[in-house]
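Here are my notes on this model, point by point. They cover the DNA contacts and then the protein interface.

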Protein chains: 2
Amino acid sequence: MADEIEWNVLMRTCPSRTSLAEIANKWTAMIVVVLGAGPLRFTQVRTRVDGISAKVLAETLRRLERDGIVTRRSYDEMPPRVEYELTTLGHSLAEPLEALRRWAEGNIVQVLEAREAYDLRPTSGGGRDLA
Amino acid sequence: MADEIEWNVLMRTCPSRTSLAEIANKWTAMIVVVLGAGPLRFTQVRTRVDGISAKVLAETLRRLERDGIVTRRSYDEMPPRVEYELTTLGHSLAEPLEALRRWAEGNIVQVLEAREAYDLRPTSGGGRDLA
DNA sequence: GTAACCTGTTACCTCAACGTAACCAGGTGG
DNA sequence: CCACCTGGTTACGTTGAGGTAACAGGTTAC
């Protein structure tokens with residue numbers, strides 16, 4: 001058993017923490033989620049992920065490609081055509097990220113209500129002691 | 001059916017996107033994960049989440065409290081004691097975040113290998129066209 | 001000729017995130 | 001009297017993420 005290394009995201013120096021920092025990110029989450037439905041071209045991703053800039057999209061896609069999460073397939077046509085697709089590894093990541101997306105959409109009402117209650121409470125800013 | 005609003009994180013202006021941006025975050029993920037095992041005091045969280053500063057921890061915990069994800073329970077003792085605990089909503093968030101943590105730790109070897117392969121390939125930086 | 005198409009790249013700038021260090025209350029132990 | 005405990009807060013400085021805008025490049029349509 002050579003690969004018995006203990007990876008732990010809670011450790012400052014563990015490479016898995018750097019990895020977590022990259023995938024626990026809104027742009028990564030949205031890009032991987034839209035690619036979960038199948039391969040897309042650059043502009044198609046850009047259209048689906050509303051508000052992302054070409055710069056951030058290109059950077060994020062290159063990072064994901066480097067990490068083995070997406071593949072980049074470029075066709076030598078004019079105008080250019082490039083397709084991005086999740087790898088097997090990428091699809092395994094799409095599952096928890098899709099769950100996160102569902103959580104955000106499914107619980108936003110509760111979150112908004114909680115915020116309202118928090119902001120309205122008279123003790124806001126102090127005095128929330130017990131006993 | 002009064003609550004048939006369509007929430008969509010892919011829309012720039014949707015509140016659920018702001019929520020996604022807050023939970024798809026390394027500090028949030030780690031804090032929620034460690035609180036998933038049960039309530040903890042401020043210093044206990046700080047010890048478990050290696051490398052987090054008191055400032056960032058306090059800010060993140062207050063944001064999570066405001067969003068209804070954690071509760072803050074302060075005991076009027078000396079020295080002070082404050083316990084943070086996941087709400088039911090928080091526990092439902094802990095599941096996908098724990099999955100993300102497991103992904104990061106379980107696939108870091110593959111990610112590191114992919115990076116190495118990407119960085120070593122002769123075509124690095126261009127010429128990766130097909131057809 | 002020139003405008004549009006697509007996938008970027010680059011330069012420049014801004015702002016939020018984060019780290020560090022000092023400091024606070026207020027009671028206990030030496 | 002002084003230091004120490006916890007759970008922060010505040011001020012200050014740095015870093016990096018991200019926004020904007022201009023441009024490249026080659027072929028097709030006007």
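**DNA strand D and the A/B interface**

1. Of the 18 residues around DNA strand D (a heavy atom within 4 Å of it), A:Lys55, B:Thr43, B:Arg62, B:Arg72 and B:Tyr84 come nearest.

2. The model is predicted: local features need pLDDT of at least 70, side-chain atom pairs count only at pLDDT 80 or more, and totals for chains, interfaces and linings use all residues. Residues are numbered from 1 along each chain as its sequence is written, chains are lettered from A and ligands numbered from 1 in the order written, and side-chain values use heavy atoms, without hydrogens and water.

3. A side-chain N or O atom of A:Lys55 is 2.4 Å from a base oxygen of DNA strand D. B:Arg72 and B:Tyr84 face phosphate oxygens instead: the side-chain N or O distance is 2.7 Å for B:Arg72 and 2.5 Å for B:Tyr84.

4. Chain A puts 61 residues in contact with 62 of chain B (heavy atoms within 4.5 Å). The two chains bury about 5800 Å² between them (accessible area, 1.4 Å probe, lost on being put together, summed over both), 64% of it on carbon and sulfur atoms. On the chain A side, A:Leu10, A:Arg66 and A:Trp103 lose the most area to chain B, together 13% of what that side buries.

5. There are 10 salt bridges between chain A and chain B (side-chain nitrogen of Lys or Arg within 4 Å of a carboxyl oxygen of Asp or Glu). One of them joins B:Arg115 and A:Asp67, at 2.7 Å, N to O.

Note on methods: A polar contact is a pair of N or O atoms within 3.5 Å; within protein, one must be able to donate a hydrogen and the other to accept it, and residues adjacent in sequence count only if both atoms are side-chain atoms.
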